[in-house]
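Subject: Structure for your files

Hello,

Here is the structure I said I would pass on. My notes follow below it.

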Amino acid sequence: MHIGIVGAGFVGVCTALELSLRGHRVEVFERRSGIAAESSFAGAGILCPTVLPSLTRHPRWQQRAPWNPQARHQARARKQPDWLARQQVLVRLSELGERWLERLESEHHLEFEQRRGWLILHSDERSLKLGPADAAHLVSLGLPHQVLGREALSQAEPALDTGRPAAGGLWLPQVRVVNTRQLAQLLRQLAQQAGALFHLNTEVDEIDPRHPTRLSHGAMGSNPRQETRFDAVALCTGTTSMQWLKTQGLRLPLRAAPGCSVTAPLNLPEAMPDPGPQGAVTDAQTGLVLSRLGTRVRITDPWAELDAKGRPSSRTQSRMYGALERWFPEAGHGNPAQAWQGTRATLPDDAPVVGPSPWPGLWLNLGHGDQGSALAGGCAHLLADGLEGRPAQDGQDLLSCTRW
C-alpha cells in the first residue's frame, strides 16, 4: 500500500517505521524543518503508559478546578467504568512497543541516552496520603513497583538530598527514561533505510473529506501545490489537526496542553559521587519531573504557565529551578540551560485516538498527551494492523474516535 503520514513527531516516525518494515510505501509530511520538533522535542521521556492518581490533579486545583471545564470533564472521564479497562489497553500497547524497541536495539545496535527507574516522591505526610492510591492503581495494571519509606529513598536515588528528606515514595525500577528526540532521529534513519520518504518544510492543506486520501502539499506558503493520491492517510499531527477535525464535525475533546522544560549540563566533579538523578524523579506535590539524559538533567513542568509571548512565566521558571535545588542541590550550580515550550494534544480520559476516522481511508493516531513516548511503538502496530485488515486486538474499540 501507498500510505501518507501527516506529522513527523515521535508517534509519526514510529508509525512510518513500522509500516515501512512491513513493506508498505510510506511518505511522511512535516511542516517543520526537522522531525520531533514540537511536542516530542524536549519532554520528560518516561516510558510509562499510565497516569497516576497523585499526578492527575493540578498543584493549584483548589483555585482552578471550579472554573475549569477541562478539569471537570477530566474528573468525570476518570470515574467512568471503562477508564481502567482503557488504561489496561495502554499498558499492553506499551509492552508491545517495548518489545519492538528492544528488537530494534538488538538488530540495529541502536545507541541513545537512556536510563532505568522512575521515582515518585511524596515530599510531606499530606502528599504521602496519595501514595496508596498510586500503588493500588499500579497493582490493577500489573506494573512492577516498590513502596519506599523515607530511609529507603536513597536506594533508588543515591544523590537525593537527605538534609530535606521526603516522606516516602513509589519506585518503578523497570521504567525506561529516554531522550525521545534522539531516539526519533535514529528511528527515522531506520525508516528511510526501509524506504520511507520524509518531506520536511512541507505543509499539507486541509484534507477534503470527500477525498481524504488525496493530499495537497507543498513548501510553506508556496504555490502551486502538488497533489498525491494514497491508498490510506494517517494523521499523527497532535494539536495541528484539532480545528480541522472540529470543522468537519468530529468533535473530539482535544485540548492543547502547554508544557515546558529546561535542560542543563550536570555539575560532575571528578572523583566525586554523581550529584544528579539516576533515572527520573517526579515531585508528586508539584508535578515537576527531573530526568537524567546522559550528562544533563531535564526539568519538565506539565502544568506550565506561559506569559503573553508564549514563554514560561517567571513563576514557572522559578518553580522548575527550585525543584532541582531542593532535591539535587549539587547538580546544577549555574550551568547554562536550554529552554523549550510547546503544547501536547490531550484527551480527558488519558488515552489517544487510534484507528479509522469517519472518512474512508483516513486513519487517526493522535491525542497521546504526555504518554506519546511510551505508546508510540504499540500504537504504530495497532494502526498498521488495522490498515492491513488484521483482526482487532482486545479493547481496541476503547481507543476509537467513536467513544466521544
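In this predicted model, 8 strands form an open sheet with mixed pairing, in the order β4-β5-β3-β12-β13-β14-β11-β15. Strands (E, at least two residues) and helices (H or I, at least four) are DSSP runs numbered from the N terminus, and two strands pair if DSSP finds at least two bridges between them. The edges are β4 (146-149) and β15 (338-346), each of which pairs on one side only. On average, neighbouring strands of this sheet are turned by 25° against each other, direction ignored; axes are lines fitted to C-alpha atoms, for helices over the stretch in contact, and angles run from 0 to 180 degrees between N-to-C directions.

The pairing of β4 with β5 (residues 168-178) is antiparallel, over 4 bridges. Leu-148 stands opposite Gly-169 in β5. Helix α6 (residues 131-141) packs on the sheet, where it touches β3 (114-122), β4 and β5, and its direction makes about 45° with that of β5. Contact here means heavy atoms within 4.5 Å.

On α6, the buried residues are Gly-131, Asp-134, Ala-135, His-137, Leu-138 and Leu-141. They lie on the same side of α6 because they cover an arc of only 160° around the axis, the arc being that of the directions from the helix axis to the C-beta atoms. Buried is under 20% relative accessible area, exposed over 50%, partly exposed in between (1.4 Å probe, protein chains only). Pro-132 and Val-139 are exposed, on the face turned away from the buried side of α6. The buried residues pack against α4 (83-108), β3, α5 (125-128), β4 and β5. After α6 comes Gly-142, with a positive phi near 75°.

Elsewhere, Ala-184 sits in helix α8 and is buried, with a relative accessible area of 0%. Leaving aside neighbours within four places in sequence, Ala-184 is in contact with Phe-10, Val-13, Ile-35 and Ala-36.

Two notes on conventions. Residues are numbered from 1 along each chain as its sequence is written, and side-chain values use heavy atoms, with hydrogens and water left out. As the model is predicted, local features need pLDDT of at least 70 and side-chain atom pairs count only at pLDDT 80 or more, while totals for chains, interfaces and linings use all residues.

Regards
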